[in-house]
Amino acid sequence: MESSSIGLDSTASGKERPRGVVVVIGEVLWDCFPDHRVLGGAPLNVAWNLRGFGFDPIFVSAVGDDDLGHEAIRQMQSWGLSTDAVQLIPGVPTGHVQVTFVDGEPAYDLVSDVAYDRIGMPSVEQLAQWADRIEQAGSSVLYHGSLAFRCPDSRATIEGIREWWPTRGDVFLDINVRMPHFDQQWLERMGPGTSVLKLNEDEMAMLMGPIGEEDALDAAASELFDDPRCPDLNTLLVTLGEHGAVAYCRSIPDPIRIAGVAAERFKDSVGAGDAFSSVVLACLSASNFTKTMDPSVIERSIQRATRFASKVCGLPGATTVDAQFYSTELDHE
C-alpha cells in the first residue's frame with residue numbers, strides 16, 4: 001500500500017506487517033450523542049480502525065449529498081481512509097442515529113431511508129481492480145454487518161459482492177441487532193458462504209434461544225455449526241462484554257476462552273464490538289488462521305481483540321484521530 005500522510009504503514013518498531021486486503025461493506029452514519037456528534041457506523045468504525053493499524057481497507061458505502069455527507073468524506077480522507085468506493089447520493093440524507101445510555105449501555109434510535117440504504121453495486125472496473133489487489137496480496141477478507149441488509153438496494157449490493165467473492169477469501173459476518181432493523185430470516189441469505197460469524201451473547205440468544213450458563217452457550221454454539229443456515233461456518237466468535245470472549249472452531253474440539261480486560265478509564269462501550277472485529281480482521285488477513293486452524297494463533301488474535309475493545313471503552317465514542325492510539329496494538333505478544 002502507499003504511504004499515507006499520517007504515518008501508519010509500519011509498527012512502532014519500524015517493521016512492516018504482512019497485510020492482506022480487507023473489503024468492508026456497510027453504513028456510514030453520525031452518532032448523535034446528547035452533547036456532541038461523531039462519525040460512526042459499525043463498518044466505518046471497523047474500516048477506520050484498520051486504517052489506524054496500517055491497513056488500506058476497501059470501504060464500500062454511501063453518504064448523502066449534504067453537509068453531513070461531505071463532512072464524513074472529509075474526515076475519512078483526512079484519516080487516510082480511501083473513499084473511492086463511497087458513493088455520494090443526492091436526494092437522501094446521510095445516515096444518523098440518536099445515541100442514549102440505559103444503565104451504561106448505548107441505545108440507538110436509527111433513521112430509515114438514508115444514503116447507506118442505497119449503496120450501489122461497484123463497477124466492473126472497480127471489481128477488477130480489487131481482484132488485482134487481492135491476487136497481489138495473497139490473502140483477503142470480506143466484512144459486512146446486518147444493518148445495511150435492511151433495505152433492498154444495499155442488500156442486493158452485499159449479496160452481489162458476496163456472489164463475486166466466494167473463492168477470494170474468508171467472509172466475516174458481524175451481526176448487529178438493532179431492532180426493528182433485523183430479521184432472523186436474513187441469516188438464511190447471509191449465512192451460506194460465511195466462514196467467520198461474530199456476535200455478542202444477547203445476539204446469540206436471539207438466534208439460538210435463551211442462554212444462561214457456560215455449558216448452554218457451548219451447546220448453542222455446537223447447534224449453530226450444525227445449522228443449515230450456516231453450512232460454511234468454521235469460526236464462531238462470541239463477545240461477552242466485561243467477561244471477555246470465546247472462539248469456537250469447527251476443527252478444534254475445545255472452545256478458546258479469553259478473560260475480559262478492564263478499561264483503565266471507562267467512558268462508554270460504543271464501538272467496543274467493532275474494535276474487537278477490526279483486530280480479528282487484521283490478524284485474519286495477516287495469518288489466514290481459518291485456513292491453518294492453529295489454536296495458538298487464534299488465541300493470540302482473540303486476546304489482542306479483547307484488549308483493544310477494552311481500550312476503546314476509554315474513548316468518548318468508537319474511534320479516535322490519535323494515530324498513537326493504534327501504533328503498537330498489534331505488536332503485543
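Helix H4 covers residues 152-164 of this predicted model. With 13 residues, helix H4 reaches 18 Å from its first C-alpha to its last, close to the 18 Å expected at 1.5 Å a residue. Eight positions are listed as buried in H4: Ser154, Arg155, Thr157, Ile158, Gly160, Ile161, Arg162 and Trp164. The cover over these buried residues includes helix H3 (124-137) and helix H5 (187-190), together with strands S1 (21-25), S4 (58-64), S8 (140-145) and S9 (170-174).

| Strand pair | Sense | Bridges | A bridge partner pair |
|---|---|---|---|
| S1 and S8 | parallel | five | Val22 and Val141 |
| S1 and S4 | parallel | three | Val23 and Ile58 |

Strands of a sheet pair through backbone hydrogen bonds, either parallel or antiparallel.

**An open sheet of four strands**

Another group of strands, in the order S3-S2-S6-S7, forms an open sheet with mixed pairing. Its edges are strand S3 (37-40) and strand S7 (105-110), each of which pairs on one side only. From one strand to the next, the twist averages 35°. Strand S6 (residues 95-102) runs antiparallel to S7, and six bridges join the two. One of the residue pairs involved is Val99 with its bridge partner Tyr108 in S7.

Strand S2 (residues 29-32) contains Asp31. Beyond its neighbours within four places in sequence, Asp31 is in contact with His36, Arg37, Val38, Gly40, Gly41, Val97, Val99 and Val270.

**The nonpolar cores**

In soluble globular proteins, nonpolar side chains tend to be buried together. In this model the largest nonpolar core has 58 residues. Those with the most contacts inside the core are Val23, Val60, Trp130, Ile175, Met204, Leu236 and Val238. Helix H7 (residues 214-225) supplies the largest share of this core, five residues. A second, separate core has 53 residues, including Leu50, Leu281, Cys283 and Leu284.

Val238 shows which parts of the chain meet in the largest core. Not counting residues up to four places away in sequence, Val238 touches Leu199, Asn200, Glu201, Met204, Leu217, Ala245, Val246 and Tyr248.

With residues up to four places away in sequence left out, Glu203 touches Ile175, Asn176 and Val177.

**The chain as a whole**

The chain has ten helices and 13 strands. Its radius of gyration is 18 Å, close to the 20 Å that the globule rule gives for 333 residues, so the chain is as compact as a globular protein of that length. Along the principal axes, the C-alpha atoms fill a box of roughly 50 × 45 × 45 Å. Of the 333 residues, 56% count as buried. Among contacts between residues at least 6 apart in sequence, 71% join residues at least 24 apart.

Key:
Residues are numbered from 1 along each chain as its sequence is written. This is a predicted model: local features need pLDDT of at least 70, side-chain atom pairs count only at pLDDT 80 or more; totals for chains, interfaces and linings use all residues. Side-chain values use heavy atoms; hydrogens and water are left out. A nonpolar core is a set of buried Ala, Val, Leu, Ile, Met, Phe, Trp, Tyr and Cys residues joined through side-chain atoms within 4.5 Å. Buried means under 20% relative accessible area, exposed over 50%, partly exposed in between (1.4 Å probe, protein chains only). Contact means heavy atoms within 4.5 Å. Two strands pair if DSSP finds at least two bridges between them. Axes are lines fitted to C-alpha atoms, for helices over the stretch in contact, and angles run from 0 to 180 degrees between N-to-C directions. The expected span of a helix is 1.5 Å times one less than its number of residues. The radius of gyration is taken over C-alpha atoms; the globule rule is 2.2 Å times the number of residues to the power 0.38.
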